[in-house]
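Dear colleague,

I am passing the structure below to you for your records.

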Amino acid sequence: MELENPDAQAIENLPPSLAALATRGVARSYRRGMLLIEEGSQGDNLYLILSGSLRAFGCDARGREVTYGVYGAGEYVGEMSLDGGPRSASVITEQASRCLIISRASLLEHIAEHPEFAFELLTKVIRRARAATLSTKQLALNDVYGRLKSLLESGTAGGEELQLTHQAMAQRLGCSREMVSKLIKDLELGGYLARIANGRYQRLRGLPARW
């Protein structure tokens, strides 16, 4: 398969195991906000991201969302349905993205030629399952502030800035945007958090254990 130069450059930047898999894919471009995978649907394609970012999420009956993860260039999504079962999450483009679509048949051919990739794939599934378990535990055992505290602390470790909209925070925490806005405002007034330009936040000091 002949690839355009930008694709070829992006593939060169992938780890060797993924670069070999990428040659079996079909490149597609997607605008921001496109739903690539719908939870509960049937499908067995893997999406290998060359540029942009994708967000995996779930919805309840009332339309409230919870984000499972945001993935960028060099990562892939769709591996959870390779057993033939329904999709376990929805996936949407967070930014304009370019992906390589890899079918289940192509993936099996790749594994037959590169059996070590099966272990890499299994490791990825285990890590994401662990992350989902931790997220579920936090939702069940922490109140909204406790979950927000964990998000802020992990996102601003080492003095780094966190850049998430209140809606994006709400989706990750499984609560309403209004609740996030109220808590963020309280933390700003308390001198714990500072708002930087373009919706970025910086933690000024250690957050209280409870609010």
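**Packing of α6 with α7**

In the contact between these two helices, His 166, Gln 167, Met 169, Ala 170 and Leu 173 of α6 meet Arg 177, Val 180, Ser 181 and Ile 184 of α7. By class, the residues of this α6 and α7 contact are five nonpolar, three polar and one charged. Please note that the model is a predicted one.

The axes of α6 and α7 lie 8 Å apart, and the two helices pack at an angle of about 110°. Because angles of 65 to 115 degrees count as roughly perpendicular, α6 is roughly perpendicular to α7. The crossing in which α6 passes α7 is right-handed.

**Packing of α5 with α7**

Helix α5 covers residues 144–155 and helix α7 covers residues 177–189. Their axes are 11 Å apart, and the packing angle is about 65°. This angle makes α5 roughly perpendicular to α7, and the crossing of the pair is right-handed.

From α5, the contact is made by Val 144, Tyr 145, Leu 148 and Leu 152. From α7, the residues involved are Met 179, Leu 183, Ile 184 and Leu 187. The contact of α5 with α7 comprises eight nonpolar residues, with no polar and no charged ones.

**Packing of α5 with α6**

The axes of α5 and α6 come within 10 Å and cross at roughly 115°, an angle that makes α5 roughly perpendicular to α6. Here, too, the crossing is right-handed.

Arg 147, Leu 148 and Leu 151 of α5 form the contact with Met 169, Arg 172 and Leu 173 of α6. These residues divide into four nonpolar, no polar and two charged.

The largest share, four residues, comes from α6. By class, the lining has four nonpolar, 11 polar and four charged residues.

In short, α6 packs against α7 and against α5, and α6 also supplies the largest share of the lining of the second largest pocket.

Yours sincerely

Note on methods:
Residues are numbered from 1 along each chain as its sequence is written. This is a predicted model: local features need pLDDT of at least 70, side-chain atom pairs count only at pLDDT 80 or more; totals for chains, interfaces and linings use all residues. Side-chain values use heavy atoms; hydrogens and water are left out. Axes are lines fitted to C-alpha atoms, for helices over the stretch in contact, and angles run from 0 to 180 degrees between N-to-C directions. Angles under 35 degrees count as roughly parallel, over 145 as roughly antiparallel, 65 to 115 as roughly perpendicular and the rest as oblique. A crossing is left-handed if the near helix is turned anticlockwise from the far one by less than a right angle, and right-handed if clockwise. Contact means heavy atoms within 4.5 Å. Ala, Val, Leu, Ile, Met, Phe, Trp, Tyr, Cys and Pro count as nonpolar, Asp, Glu, Lys and Arg as charged, and the others, Gly among them, as polar.
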